[in-house]
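Here is a brisk report on one protein chain. Take a look at the model before reading on.

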Amino acid sequence: MDDQNKNLILAIALSSLVLLGWMYFFPPPEVTPAPEAVATETAPADGTASSPSAVAAEAVTSQTSEEASASDAPRISIESDRITGSISLQGGRIDDLALKDYRITNDAPEIVQFLSPVGQQGAYYALYGWAPGSGLGAEDVPGANTLWTAPAGAELTPDSPVTLSWDNGKGLTFNRTIAVDEDYMFAITQSVTNASGASVSLAPYGTLARHGEPADMKNFFILHEGVVGMADGELAELDYSDVADFDVDPRDGSRSEVKQVADNGWIGFTDHYWMSTLIPAPGQAFRSSVKYDERRDIYQTDVVLPTMTLAAGETSEVTTQLFSGAKEWATIRAYEKGGIAGFLDSIDWGWFFFLTKPIFAVLHWLNALIGNMGWAIIALTVLIKIIVFPLAYKSYASMAKMKELQPEMEKLKERAGDDRQKQQKEIMELYKREKVNPAAGCLPILIQIPIFFSLYKVIFVTLELRHAPFFGPFQDLSAPDPTSIMNFFGLLPFEGPAPESIMALVFIGILPLLLGISMWLQQKLNPAPTDPTQQMIFAWMPWVFMFMLGGFASGLVVYWIANNTITFTQQYLIMRSHGYKPDVFGNIKASVKRKPKTDQK
């Protein structure tokens, strides 16, 4: 591999990492949600082909009256080993949910509050109801302000579902039974009994409403935050800005997009680590919609099931599910195996999903086996190096062979003089005669780039790396190195710079320092290039990477250090086995030796 090709590959790799570092350190500014004016919930338009005569209606309420009644409405508590919260009997909303297993920060006792009721900043909740069809008006079906009744002392636990009831006074009785499992899945069974003496038509629906964008959005290009859904095997990921650009629906004035799903699907909102999703039964046709009411700054996803026509005396019911909780790989995978098609794709695996999915599956298995995510990352690095070892062996063997041919190549260049065409021709004939592939040296770099990006995606996106400890000061592998050279890595009696400050990029921690040293040592397996420009670039590269990657997740830096260490060992041993002994200490001595000044004439 000639110097020009080698420089091109290195330039591409370095440019990609510089772009990645720039986007990490200088992400787009966070958008502050606009103040809420009027809060509404809109019953979704009927989405079935089976009963086109059914008419959708709206349940609209002013913010003042709604917030006052919401704060006074009775509640049913939710309690399990993993979640805590309550259900408001006004509208029967699931609007208060906290995750017991997750704290807001690593050193704070407060747990993550996920769902929140109307009247609080960033209200976020699930609402269920019936869209009226022929023979019914909006007042005849339960809506956002309907006050449900429940048995005295009712509490929702994995062992005790709760049933809410409401009678419209005109012969229709509505029941809603809510159950929850040991994790984050709710089952909502809606039933209606028709004792009115006449047939009626109505369509059950579920809604997720979110007032404004999340306050803690990352706004980072590598992570999807917003609407996520699956429709008949097709995954959809929509940013909040995408939803705000939808065409206006003249029926209710919101910006919306509607999709008919034939067999399987789900839709909801995803955050960095948490998600709420509406899930109809497998095989159930439904209509999904995504809406944005820009006047009230409310985002909404709806699932509307086919319209039901009930004759006098009939009862009908339908069950859907609501996932609301942490995006744990094992939990979501279990739900997918239980029948929710494509549910694991709710985790943002990215374009390199064919790498990120298996990489994380192996990392999860290693973490369960070892019991420490830091050592699991190192073990994963070893496995990756074993898998790509045949290619690496060919590459390093070819590089060793080229080192042996270096004297002969210098003679060819001298004989060819300024005739570069003749020089290249004779060098290629030498490669062919000695059975050397000059492109083989590119393989380690070409292999490393997609693996690096895939692991970076895994560490940044997956919940299992959040607050995952390694040892000592490294108690969150998804966060940058907390140590600092300013206080000599914690040995001096004062704090280092705050991780989010610009000083933290200068006074780096011990992991970035080890990364720079490992890259520098890896370079010393070979003599420095004779060209002064190349020599300068190579000399600065380890230290540029050290500062550039210093603010990345410490788990990624651990991987990079382990990878460099293994690569150094492999390359040294393979070169030795082919008769070329790398003079590491000699190359180090040559790199620090002061060059003599030349006389000026």
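## Overall make-up

The protein chain folds into 15 helices and 19 strands. Helices (H or I, at least four residues) and strands (E, at least two) are DSSP runs, numbered from the N terminus. This is a predicted model, in which local features need pLDDT of at least 70, side-chain atom pairs count only at pLDDT 80 or more, and totals for chains, interfaces and linings use all residues. Residues are numbered from 1 along each chain as its sequence is written, and side-chain values use heavy atoms, with hydrogens and water left out.

The chain has 601 residues, and 49% of them count as buried. Buried means under 20% relative accessible area, exposed over 50%, and partly exposed in between (1.4 Å probe, protein chains only). The accessible surface comes to about 28200 Å². Carbon and sulfur atoms hold 59% of that surface. These areas come from the Shrake-Rupley method with a 1.4 Å probe; for residues, only the protein chains shown count as cover.

Contact means heavy atoms within 4.5 Å. Among contacts with a separation of 6 or more, 66% are between residues 24 or more positions apart.

## Strand 10, an enclosed strand

Strand 10 covers residues 200-211. 12 of its 12 residues are buried, so the strand is largely enclosed by the rest of the structure. In a regular strand the side chains alternate between the two faces of the sheet. Here Val 200, Leu 202, Pro 204, Gly 206, Leu 208 and Arg 210 point one way. Ser 201, Ala 203, Tyr 205, Thr 207, Ala 209 and His 211 point the other way.

## Partners of strand 10

Two strands pair if DSSP finds at least two bridges between them. Strand 5 (residues 124-132) runs antiparallel to strand 10, joined by 9 bridges. There, Trp 130 stands opposite Pro 204.

Strand 17 (residues 298-304) also pairs with strand 10 in the antiparallel sense, over 7 bridges. Ala 209 has Gln 300 as its bridge partner. Strand 18 (residues 308-310) is antiparallel to strand 10 too, with 3 bridges. Ser 201 stands opposite Thr 309 in that pairing.

## A nonpolar surface patch

Val 362, Trp 365, Leu 369, Ile 370, Trp 375, Val 382, Leu 383 and Ile 386 make a nonpolar surface patch of about 760 Å². Helix 5 (353-370) and helix 6 (373-387) are the elements that give two or more residues to this patch. Ile 386 lies in helix 6. This residue is exposed, with a relative accessible area of 54%.

Patch residues have over 30% relative accessible area and no salt bridge; like charges are joined within 9 Å, nonpolar side chains (Val, Leu, Ile, Met, Phe, Trp, Tyr) within 5 Å. A salt bridge is a side-chain nitrogen of Lys or Arg within 4 Å of a carboxyl oxygen of Asp or Glu.
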